[in-house]
Amino acid sequence: MDVDSLRTRLNSAGQGHLLAFWDTLTDTEKSSLYKELNNMNFDEITSFFQTSIQSLKHATDKLDDLLEPLPSDVCGSVSSTDKETLAEYNTQGLKVVAKNEVAVLLLAGGQGTRLGVNYPKGMYDVGLPSKKTLYQLQAERILKVQHNARQYTDTDCVIPWYIMTSEHTKEPTLDFFRSHNYFGLKEENVKLFEQNLLPCIGFDGKIFLANQHKVALAPDGNGGLYKALHCSNVLDDMEKRGIKYVHVYCVDNILVKMADPVFIGFCITKGANCGAKAVQKSFPTEAVGVVCKVEGKYQVVEYSEITLKTAERRHPDGRLLFNAGNICNHFFTLDFLKQVSDPAQESKLRHHVAKKKIPYVNSAGETIKPSEPNGIKMEKFVFDVFHFATSFAVWEVLREDEFSPLKNADGAAKDTPTSCRQDICSLHRRMLIQAGGKFVHKDGTEIPHIPSQRTCEEFAEIVCEISPLVSYAGEDLEDFVFSKSFQPPVSLEKDSTGKLMINGS
């Protein structure tokens with residue numbers, strides 16, 4: 001170890017304090033800290049910090065005068081598209097799945113801190129009768145899409161699953177998949193890779209130490225995907241497999257449709273190299289980003305970046321002008337991913353800044369847990385690449401069918417295990433009813449499809465779980481449920497031999 005050279009680099013960058021405890025460290029601790037610091041590009045970090053501080057100064061600036069609504073020719077909607085066209089999109093999607101041209105890429109770098117757990121969010125069980133975790137639900141949806149494509153084309157196919165983890169989630173995630181035999185997927189088709197970390201920095205530009213021999217680090221955001229793709233062999237693996245289209249999504253949406261053939265078919269039909277799913281905003285001030293255009297470029301604008309007056313603007317028919325709520329559910333061509341992952345392009349993505357309360361070690365070696373924000377964490381967002389798109393597409397879906405994020409522990413106002421469980425049961429109730437089934441009380445009387453005010457809460461608690469292995473989006477149910485009565489709780493599952501098991505009928 002060339003400690004003198006490292007010390008010179010640190011002093012030049014104004015970060016000499018990072019070696020303040022060097023003489024008290026063990027050989028193992030010295031080796032670890034030296035490796036961590038020696039691999040850091042302090043000129044780059046300083047540049048990131050300076051840019052981030054400038055952005056903080058303009059955090060209250062509004063973009064109202066620069067915003068443009070989405071042009072109608074890039075938009076489509078599941079609710080306003082006729083059944084024949086939806087079927088065409090679905091067919092187009094299944095065809096490219098059958099040709100092994102589709103991959104899914106999961107953004108799973110975050111831990112379940114806000115949920116009150118110390119493991120990756122994908123390992124969370126929201127309390128469904130099956131006790132399935134987010135990871136298992138998603139794995140089974142991949143298996144079902146493969147099955148549907150195989151049934152349609154009589155061709156065997158594979159949808160590889162790439163999972164971007166962080167330093168904190170990679171090993172637990174890998175162990176979890178191994179211990180569950182990859183939920184029926186083949187090990188070689190589940191690829192884990194790590195996003196990068198950035199140091200946490202005080203408002204004075206000094207990098208924090210988490211302890212006397214380790215820098216305080218944080219993942220570089222889900223937009224760190226592009227740098228991680230460049231640093232890993234993921235793009236090469238995709239190219240070798242013949243992948244052309246990639247579905248990218250976040251781990252916490254319990255309703256996410258893996259490799260959704262309709263969405264993929266829509267984007268291909270539009271000739272898009274970049275696409276986004278969106279939901280209608282529930283109300284003008286809902287705290288979600290909006291997919292729109294800014295100075296002619298596609299972008300997601302955060303709710304805090306526009307004024308109330310702009311948020312409330314409406315079309316003549318009453319719809320909100322800026323209505324496409326972002327749900328972190330995207331389509332990319334492989335060529336586009338290769339382009340935006342190139343360092344020359346990736347370096348153009350700006351860092352978003354969050355003021356945080358960052359625990360750190362002070363000059364006396366004491367761990368300090370601040371009560372107020374004392375520094376910043378820098379991150380990039382996955383949708384920051386939209387402005388590079390030459391052909392864009394936005395597919396509006398129904399929130400109740402496709403978006404229910406898991407972010408907070410029960411007791412919070414929204415996005416909790418309870419709300420996720422209720423939302424997936426609600427979706428499955430509707431799927432069963434649409435396939436001709438009905439729910440009944442213990443005495444055999446039918447539970448109304450549309451509850452009265454008196455029975456609304458009772459209706460919301462009707463438990464119905466349909467395994468993704470049985471149905472992906474409502475298909476294949478009529479043969480099993482048409483004209484049949486079900487007494488909650490209801491579950492439709494397949495056993496290890498593929499035989500259907502129905503509880504509650």
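This report describes the overall fold, the nonpolar cores, the aromatic pairs and a few individual residues of a predicted model.

Residues are numbered from 1 along each chain as its sequence is written, and side-chain values use heavy atoms, with hydrogens and water left out. Because the model is predicted, local features need pLDDT of at least 70 and side-chain atom pairs count only at pLDDT 80 or more, while totals for chains, interfaces and linings use all residues.

**Overall fold**

The protein has 16 helices and 25 strands; these are DSSP runs numbered from the N terminus, with helices being H or I of at least four residues and strands being E of at least two. The C-alpha trace spans about 80 × 55 × 50 Å along its principal axes.

Of the 505 residues, 50% are buried, where buried means under 20% relative accessible area, exposed over 50% and partly exposed in between, with a 1.4 Å probe and protein chains only. Among contacts with a separation of 6 or more, 75% are between residues 24 or more positions apart; contact means heavy atoms within 4.5 Å.

In soluble globular proteins, nonpolar side chains tend to be buried together. The largest nonpolar core here has 49 residues, and those with the most contacts inside it are Val104, Leu106, Tyr135, Trp161, Ile163, Phe177 and Trp395. A second, separate core has 42 residues, including Tyr162, Leu235, Met238 and Val300. Such a core is a set of buried Ala, Val, Leu, Ile, Met, Phe, Trp, Tyr and Cys residues joined through side-chain atoms within 4.5 Å.

Not counting residues up to four places away in sequence, Leu106 touches Tyr135, Gln138, Trp161, Tyr162, Ile163, Met164, Tyr249, Cys250 and Val251. Trp161 belongs to strand 4 (residues 161-165) and is buried, with a relative accessible area of 0%. Its C-alpha atom is separated by 6.1 Å from that of Asn189, 28 residues apart along the chain.

**Aromatic rings**

A pair of aromatic rings is described by the distance of the centres and the angle of the planes. The structure holds 17 aromatic pairs. Rings of Phe, Tyr and Trp (its six-membered ring) pair if their centres lie within 6.5 Å; planes under 30 degrees apart count as stacked, over 60 as edge-to-face and the rest as tilted. Two of the pairs are tabulated.

| Pair | Centre to centre | Angle between planes | Class |
|---|---|---|---|
| Phe176 and Phe183 | 5.9 Å | 50° | tilted |
| Phe383 and Phe386 | 6.4 Å | 55° | tilted |

Phe176 and Phe183 are both buried. Phe383 counts as buried at 10% relative accessibility, and Phe386 is buried with a relative accessible area of 0%. One aromatic cluster is formed by Tyr135, Trp161, Phe176, Phe177, Tyr182 and Phe183.

Lys293 lies over the face of Tyr298, at 4.9 Å from the ring centre. The criterion for a charge over a ring is NZ of Lys or CZ of Arg within 6 Å of the ring centre and within 35 degrees of the ring normal.

The side chains of Trp161 and Tyr249 are joined by one of 3.1 Å.

Gln195, in the loop between strand 5 (190-194) and strand 6 (197-199), is buried with a relative accessible area of 6%. Its side chain makes a polar contact of 3.1 Å with the side chain of Asp220.

Asp237 lies in helix 8 (residues 234-241) and is buried, with a relative accessible area of 18%. The side chain of Asp237 makes a polar contact of 2.6 Å with the side chain of Tyr162. Leaving aside neighbours within four places in sequence, Asp237 is in contact with Tyr162 and Lys191.

**Backbone features**

The peptide bond from Pro488 to Pro489 is cis, with omega near 0°. Pro489 is in the loop between strand 23 (485-486) and strand 24 (490-494).

Ala259 has a positive phi, near 50°, and sits in the loop between strand 11 (245-250) and helix 9 (261-269). Asp415 also has a positive phi, near 60°.

Notes. Polar contact = N/O pair within 3.5 Å; in protein donor to acceptor, adjacent residues only side chain to side chain.
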